[in-house]
Amino acid sequence: MKAKEKILIAATDLFHNQGYNSTGINQIIEESGIAKGSFYYNFDSKEDLCVSFLNRRHDFWFDKLKKYIANNKTDQHRVLKAFDFLTMMNKKEKFRGCSFLNILSEISGDNQLILSIIQNHKSDLRHFISSMIEEETLVDHIYLLFEGALIESQLFKNHWPVERAKEIVKKIIE
């Protein structure tokens, strides 16, 4: 395995589980088992690594979501199944929530590079929902319920916010 991949694997685990600010470059280097020079050969900075992590997480998350909902017959069923995806990810990742919003809460307000990646991820999610639901106001309702359910389930370490949001969406799309 190449050094860059080792670094990304270690950073993914550390950023996701302990946070961006709580993770130092030296810890990433140690966890990945690479030399310090290899880190700086592959990444200019911790911010550069964060950009790669977020881009990788974006691809991973959307790939998993699309596969998870693919076998449903209607767009309405796929939308509802997306909430089940949140429950599955919460179980798998122990209610760590959204990597993008977790990092958003840790970066400074003037970090436009990382902010734009996070905004693009959320815009892609909204666009994904709009590919299944035509009415723009309904898309916004579903998007906001989805995001709220994700945050609240992380806060309470419980599935009830996702389940309740799914019930609400079911009523408004029927």
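1. A salt bridge is taken here as a side-chain nitrogen of Lys or Arg within 4 Å of a carboxyl oxygen of Asp or Glu. Under that criterion the side chains of Asp 75 and Arg 78 meet in a salt bridge, at 2.6 Å from N to O. A search of the whole structure finds nine salt bridges.

2. The model is predicted: local features need pLDDT of at least 70 and side-chain atom pairs count only at pLDDT 80 or more, while totals for chains, interfaces and linings use all residues. Residues are numbered from 1 along each chain as its sequence is written, and side-chain values use heavy atoms, with hydrogens and water left out.

3. Asp 75 and Arg 78 both belong to helix α5 (residues 75–93), where three residues, about one turn of the helix, separate them. Helices (H or I, at least four residues) and strands (E, at least two) are DSSP runs, numbered from the N terminus. Asp 75 counts as partly exposed because its relative accessibility is 27%; the classes are buried under 20% relative accessible area, exposed over 50%, and partly exposed in between (1.4 Å probe, protein chains only).

4. Helix α4 (residues 46–69) holds a further pair, Lys 67 and Asp 63, four residues apart, about one turn of the helix. Their closest N and O atoms are 3.2 Å apart, in a salt bridge. Lys 67 counts as exposed, at 58% relative accessibility, whereas Asp 63 is partly exposed at 37%. In general, an α-helix has 3.6 residues a turn, so residues three or four places apart point the same way.

5. The 24 residues of α4 reach 34 Å from first C-alpha to last, close to the 34 Å expected at 1.5 Å a residue (the expected span being 1.5 Å times one less than the number of residues). Buried residues of α4 include Leu 49, Cys 50, Phe 53, Trp 61, Phe 62 and Ile 69. At the start of α4, a side-chain oxygen of Ser 45 comes to within 3.3 Å of the backbone nitrogen of Glu 47.

6. Another salt bridge joins the side chains of Glu 136 and Arg 126, at 3.6 Å from N to O. This pair links distant parts of the chain, with Glu 136 in helix α8 and Arg 126 in helix α7 (residues 112–130), 10 residues apart. Glu 136 is exposed, with a relative accessible area of 55%, and Arg 126 is partly exposed at 26%. Together with Asp 140, Arg 126 and Glu 136 are linked in a network of salt bridges.

7. With a disulfide defined as a pair of cysteine sulfur atoms within 2.5 Å, the count comes to zero. Cys 50 is in no disulfide, and the nearest cysteine sulfur, that of Cys 98, is 12 Å away. For Cys 98, the closest cysteine sulfur is that of Cys 50, and 12 Å is too far for a bond. Cys 50 is buried at 0% relative accessibility; Cys 98 is likewise buried, at 7%.

8. On the surface, Leu 155, Phe 156 and Trp 160 form a nonpolar patch with about 350 Å² of accessible area together. Patches are made of residues with over 30% relative accessible area and no salt bridge, like charges being joined within 9 Å and nonpolar side chains (Val, Leu, Ile, Met, Phe, Trp, Tyr) within 5 Å. Accessible areas come from the Shrake-Rupley method with a 1.4 Å probe, and for residues only the protein chains shown count as cover. Phe 156 is found in helix α8 (residues 136–156) and counts as partly exposed, at 46% relative accessibility.

Notes
Polar contact = N/O pair within 3.5 Å; in protein donor to acceptor, adjacent residues only side chain to side chain.
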